[in-house]
Amino acid sequence: ISFYGALAKGCGVCLNLNGSLLLLPVIRHLLRQLNNAGESFNALQHSSSTDYFAKVFAHPLTRYVPLQKNIEFHKICAMTIFLFSWLHMVFHYINLIYANNATLRLFRMWGWDGTAYLTGAVVSFAMLVIYSAAPDEVRRTKYEIFYNAHHFFVVFFLVMFLHGPNFFYWCALPVCLYIGERLLRLSRGNTPFLLVKVEWISPVMALYFRPVFKEDFKFKEGQYLYLNCPHVSTNEWHPFTISSAPDDLKFGPRIHLLSGEEVAEVPRPRGLPSGVKWSKFCKVSQVPNDWSELNENQLLDKSDTGYHDYVSVHIKVHGLEEQKARTWTRKVKEYLELLSPQKKFPFYFKRLDDRGDVSVGKRVGPDNLPIIRVDGPHSAPSEHFCNYGTVMIVGAGIGLTPCASILSSLTKYKWRKNFSPEIVHLYWVVRQNEVDSFQWLVHMLTELSFELRRAKATNQISARYYCEVNIYVTAVEKGVKEVPRLSRPPRTLANTVLAGGVKPLFTAEELFKKLLNPTVESKGQAEK
C-alpha cells in the first residue's frame with residue numbers, strides 16, 4: 001500500500017473520533033447531569049476547611065467546560081467529519097492509482113471484498129442530505145425539511161458500522177446513550193400539561209402553563225424547555241428559557257376561575273357570630289381602602305377561586321409583517337387565538353372536570369390533541385447563580401428571560417428563606433425601539449421592587465439583601481418620544497389595605513416613560 005493509504009487510514013481514525021463525539025452534545029439528559037456535577041459541594045465554599053484543592057475543584061463543571069456551547073461543538077464535529085470524509089475518499093482513490101492490486105488483496109483479507117465502495121457511497125449520500133438541510137436558514141424557515149433531513153443520521157451510523165468495523169467500537173456507546181435520550185424525550189413529551197393563560201404585548205407572547213402532576217416538572221432558575229404545538233407540527237420543537245420562578249409552581253396566586261383575575265381574601269367582619277363560617281374573597285381590582293365599603297355582590301366564595309400555579313415562557317413572535325403565517329411562533333399565536341372565547345388578550349383557559357366543576361387550565365384542543373407539549377427542563381449555566389454571594393446578571397433582548405426568573409425567585413421566595421446570593425446587580429440592555437415589547441418586564445420590575453420594599457418593611461427579608469437594577473437604552477433617537485399607554489393596566493400596588501401602608505418607589509407608567517425618554521448618558525452615569 002502506498003503512503004496515501006496510510007493517510008486515508010489516518011483520516012478514517014479521525015472520522016471515528018469525531019463520529020463518537022458527534023452525538024454527545026445533543027444528549028440533553030447527559031448535559032443536565034454534567035451541568036449539575038459538583039453543585040453538591042457548594043457548602044464547602046463557605047466552610048472553614050483549609051483544603052484549597054477541594055475548594056477549587058468543588059465548583060460546577062461549567063466553570064471549566066463551556067457546556068452551553070454544545071450545539072457549536074456539535075457543528076464543529078460535523079464540519080470536521082465533512083472534511084475528513086473527503087480526504088479519506090480522495091486519499092483512497094489516489095492509493096488505488098499507485099497500489100491497486102495490493103490494496104484490493106488487503107481488502108479481501110479483511111473481509112470487505114468491495115463492499116466498502118457501496119457502503120461508502122451510501123454514507124456519502126446520507127451526508128449530502130443532512131448537510132444540504134443543515135444551515136440555520138433552512139432550520140428557521142423550513143423546520144420540517146431540516147428535521148427530516150437530519151434523521152438521515154440513522155442511515156449514516158448504521159451503514160458506517162458496516163463500512164468500518166472499528167467504527168462500532170468508537171460509536172456503540174454514544175449511539176446507545178442517544179437511543180436512551182430519545183426514549184426519555186418521548187416520555188417527557190407525553191407528560192400532560194395544562195395551558196392556563198396567554199398574554200400578548202406585540203411582539204412578545206407569554207404562555208403560562210403547568211403540569212397536571214407537579215412532581216413531573218422540577219426546574220431551577222435559568223433552565224429552559226422545548227415546546228411543541230401538535231396542531232401546528234407534531235415534530236417541531238423549539239427551546240425557550242423559563243421566565244418564572246420554581247416556587248411559582250407551588251405558591252402561585254389565587255385567582256377567580258371565570259375571569260382569571262387575582263383575588264384577595266376578605267377579612268372576617270366584626271360582629272359576625274363565631275358559629276358562622278367565613279371564607280370570602282374579592283377581585284384585587286375591587287379591593288377598597290376600607291373593607292367595610294365592600295359590596296356584598298363583590299364577594300366570591302372559595303369554590304369560585306383556584307390557585308394559579310404556573311411555569312411561564314416569553315416568546316418573541318416572528319413574521320408578524322407577513323400576510324400569511326409562515327413562522328412557527330405566529331402559527332401558535334393564531335391557533336391560541338382561535339381557542340379563546342374572549343378574543344381579547346389576556347386569555348384565561350379553564351375546563352370542566354369529571355364532576356362538572358370549573359378548574360384552572362385546559363389540556364386538549366378541539367382536535368383532541370394536546371394544546372402544548374413540553375420537553376424539559378434542561379440545564380443552563382445561569383442555574384449556578386446561587387453558588388455565589390454576589391452576582392452580576394447581564395441580559396439583552398428576549399434573552400433576558402433567565403434574568404427575570406432569577407430576580408423573581410430571589411425577591412419573592414429565596415431571600416425570605418435566607419438563601420444566597422445576598423447582592424444582585426442586574427444590567428439590562430435594550431434598544432429604544434424595542435422598549436414597547438418589554439412592557440411585561442416593566443410591570444415585573446415595578447411589582448418586584450414594591451414586593452421587596454414591603455417585605456423588608458415587615459422584616460420578611462433581611463436588610464443585608466440588596467438588589468440593584470441598571471437599565472441601558474441604546475440607539476436612542478433624537479427628540480422626545482411619545483409615550484403610549486401600557487397595553488394592560490398595572491396592578492394597584494399602593495392600595496393601603498393590601499400594601500400595609502408601604503408605597504412603591506415608582507410606578508410602571510413612570511418607568512416606561514423613563515425608558516422611552518432616557519435622560520442620563522451612560523458616560524456620565526457615575527457623575528449623576
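User: Which residues are exposed on the other side of H16?
Analyst: Lys513 and Lys514. Exposed means over 50% relative accessible area, buried under 20%, partly exposed in between (1.4 Å probe, protein chains only). Helices (H or I, at least four residues) and strands (E, at least two) are DSSP runs, numbered from the N terminus.

User: What about the ground rules?
Analyst: This is a predicted model: local features need pLDDT of at least 70, side-chain atom pairs count only at pLDDT 80 or more, and totals for chains, interfaces and linings use all residues. Residues are numbered from 1 along each chain as its sequence is written, and side-chain values use heavy atoms, with hydrogens and water left out.

User: Back to H16. Which of its residues are buried?
Analyst: Ala508, Leu511, Phe512, Leu515 and Leu516. They sit on the same side of H16 because they cover an arc of only 130° around the axis. That arc is taken over the directions from the helix axis to the C-beta atoms.

User: What covers them?
Analyst: The cover includes S16, H14 and strand S17 (466–474).

User: How many residues are in the largest nonpolar core?
Analyst: 34. Such a core is a set of buried Ala, Val, Leu, Ile, Met, Phe, Trp, Tyr and Cys residues joined through side-chain atoms within 4.5 Å. Trp428, Leu441 and Leu445 have the most contacts inside it. H14 gives the largest share of this core, 8 residues.

User: What does Leu441 touch beyond its sequence neighbours?
Analyst: Leaving aside neighbours within four places in sequence, Leu441 is in contact with Leu400, Ala404 and Trp428. Contact means heavy atoms within 4.5 Å.

User: Switching to electrostatics. How many salt bridges are there?
Analyst: 18. The criterion is a side-chain nitrogen of Lys or Arg within 4 Å of a carboxyl oxygen of Asp or Glu.

User: Which residue does Lys414 bridge to?
Analyst: Glu221, with the closest N and O atoms 3.8 Å apart. This pair links distant parts of the chain, 193 residues apart. Lys414 lies in the loop between H13 and S16, Glu221 in the loop between strand S2 (204–211) and strand S3 (224–228).

User: Are those two buried or exposed?
Analyst: Lys414 is buried, at 17% relative accessible area. Glu221 is buried too, at 6%.

User: And the Glu322 bridge, what is its partner?
Analyst: Arg326, at 3.5 Å between the closest N and O atoms. Glu322 is partly exposed at 31% relative accessibility. Arg326 is exposed at 58%.
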